[in-house]
Amino acid sequence: MISMLTLEPNKYQPQVKMGRVLVVEDEELIRETIALTLSDEGFDVLTAADGSSVLELTNADRCSGTGGKSEIAQLDAIVLDLMLPYVNGLDLCRLLRYEGYMVPILILSAKSSETDRVVGLEVGADDYLTKPFGMRELVARVRSLLRRSTRYPLPQTPSVLKFKEVTLYPTECRVMVRGEEINLSPKEFRILELFMSHPRRVWSRDQLIERVWGYDFMGDSKTVDVHIRWLREKLEVDPSRPEYLLTVRGFGYRMG
Ligand code: CA
């Protein structure tokens, strides 16, 4: 049986560890089913019935004084329900990103409108699955999240990338614009890092999706445009007349 206690490791001891996944879901039947399925697939599964226990972990990290992202840093992915008691999934996701946790997040939602999907991605989620979903689909998405995070390792990551007045520190995941640090979602950061690693190279929307989201991305190329728009708002002096992220009509985007 999967443990009913929040954030208790399950009793299964799979032979091959696929990764450590936290499932945050208040509906017991769904939580248990997901936990059991992922566990059967060889994942190490932790469960939480609400967002507050996850918040407690981030508080513990903040107060530890070591700067160590203890519990959450050991996770390879979080499966996060949107409608949760106390703290909803979107706020939790936003907070985790704000606190600097880069763990891949798959959002589960009963809502299926495009707006909800975009909001989910905006707060830093990596993928989105609408209820009801099949367990095979869920397992495939979780696997894909884990694959993607190591799919395109940059060889010999430079310690700093500079372009005009934008400076990006790849290993620190920090970006300075005109001397001030800006906050980027993980996807925005990955896009910018890609652009800055290849100045003036033109990227098509499909190439960006492949490199940033992965081959099995389920959305469409509008997602790229939305992310570019957000990046422009953070980078450009005048987002309507960009100097950094330029549109190359008929092809895609390039930097500078
Ligand atoms: Ca729920």
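**Exercise 1. How many salt bridges does the rule give, and what is the rule?**

Start with the idea: side chains of opposite charge can pair when their charged atoms come close. For a salt bridge, look for a side-chain nitrogen of Lys or Arg within 4 Å of a carboxyl oxygen of Asp or Glu. Go through the chain with this rule and you end up with 15 salt bridges.

Before moving on, know what you're working with: this is a predicted model, where local features need pLDDT of at least 70, side-chain atom pairs count only at pLDDT 80 or more, and totals for chains, interfaces and linings use all residues. Residues are numbered from 1 along each chain as its sequence is written, and side-chain values use heavy atoms, with hydrogens and water left out.

**Exercise 2. Find the partner of Lys131 and say where both residues sit.**

Step 1: the partner is Glu25, with the closest N and O atoms 3.0 Å apart.

Step 2: Lys131 is in the loop between β5 (127–130) and α6 (135–149), while Glu25 is in the loop between β1 (20–24) and α1 (28–40), 106 residues apart.

Step 3: check burial, where buried means under 20% relative accessible area, exposed over 50%, and partly exposed in between (1.4 Å probe, protein chains only). Both Lys131 and Glu25 are buried.

**Exercise 3. Which residues form salt bridges with Asp126?**

Step 1: Arg97 pairs with Asp126 at 2.9 Å, N to O. Arg97 belongs to helix α4 (residues 89–98), and Asp126 to the loop between α5 (114–122) and β5.

Step 2: Lys187 also forms a salt bridge with Asp126, again with 2.9 Å between the closest N and O atoms. Lys187 lies in helix α7 (residues 186–197), 61 residues from Asp126.

Step 3: why does Arg97 count as buried? Because its relative accessibility is 12%. Asp126 is buried too, at 4%, and so is Lys187.

**Exercise 4. Describe the largest nonpolar core.**

Step 1: a nonpolar core is a set of buried Ala, Val, Leu, Ile, Met, Phe, Trp, Tyr and Cys residues joined through side-chain atoms within 4.5 Å.

Step 2: the largest one has 27 residues, and those touching the most other members include Val166, Phe195 and Met255. Helix α7 gives the largest share, six residues.

Step 3: apart from this core lies another, of 24 residues, among them Val24 and Leu90.

Notes. Helices (H or I, at least four residues) and strands (E, at least two) are DSSP runs, numbered from the N terminus.
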